[in-house]
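Please consider the following points while examining the structure shown here.

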Amino acid sequence: MDMMAVSQQDLALIGAIADGLPRTARPYRDVGARLGLDEAAVIDGLKSLIDRGVIRRFGVVVRHHTLGYTANAMAVWDVPDDDVGRIARKMAEVPYVTLCYRRPRRLPQWRYNLFCMVHGVARDAVRDQVEHLAGRLGLLETPREILFSLRQFKQRGAHYLTCERAAE
């Protein structure tokens, strides 16, 4: 059996939750009502999608500004290419790093190859976290910059399917 095979019911379920779960006491029951499934079938279907790796993360999209986290920054690092994987894995383990990825350098204008997102309620707190991260990972002498967000234009989870498209 192909563990990654996706059924029409799987597609419908993915489409039904693409905009988030209903804010009700029984969100899985309500999703099921839209799809003609009972609550247990929705929960089992989502568990199966997660177990098979079709859904990799099932979580919350946090609107940082609404919660008071207005000092959001991308810390960029110029780390040795032959060590970037090890450093990135360590960086990703740190609780206040919410996103971490590698990108190619764009020399001579852009020397940075490792990026991580840090959120805080004040810029000084974010700067302190980045310095703590540098100390923790032995990167105190590593060139880096902290790029604070100026304005939030959009923030949401990924949308691959609509409920209507999934039903096609």
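**Notes on the predicted model**

1. Val60, Val62, Leu67, Tyr69 and Val121 make up a nonpolar surface patch, and together their accessible area is about 480 Å². Accessible areas follow the Shrake-Rupley method with a 1.4 Å probe, and for residues only the protein chains shown count as cover. A patch takes residues with over 30% relative accessible area and no salt bridge, nonpolar side chains being joined within 5 Å and like charges within 9 Å; a salt bridge is a side-chain nitrogen of Lys or Arg within 4 Å of a carboxyl oxygen of Asp or Glu.

2. This is a predicted model, in which local features need pLDDT of at least 70 and side-chain atom pairs pLDDT 80 or more, whereas totals for chains, interfaces and linings use all residues. Residues are numbered from 1 along each chain as its sequence is written, and side-chain values use heavy atoms, without hydrogens and water.

3. Helix α1 (residues 8-17) is largely enclosed by the rest of the structure, because seven of its ten residues are buried (under 20% relative accessible area; exposed is over 50%, partly exposed in between). Among the buried residues are Asp10, Leu13 and Ile17. Helices (H or I, at least four residues) and strands (E, at least two) are DSSP runs numbered from the N terminus.

4. Four strands form an open sheet in the order β2-β3-β1-β4, with antiparallel pairing (at least two DSSP bridges between two strands). Strands β2 (97-102) and β4 (144-148) are at the edges with a single partner strand each, so one side of each lacks a neighbour in the sheet.

5. Strands β1 and β3 (residues 114-120) run antiparallel and are joined by seven bridges. Ala71 has Gly120 in β3 as its bridge partner.

Key: Buried means under 20% relative accessible area, exposed over 50%, partly exposed in between (1.4 Å probe, protein chains only).
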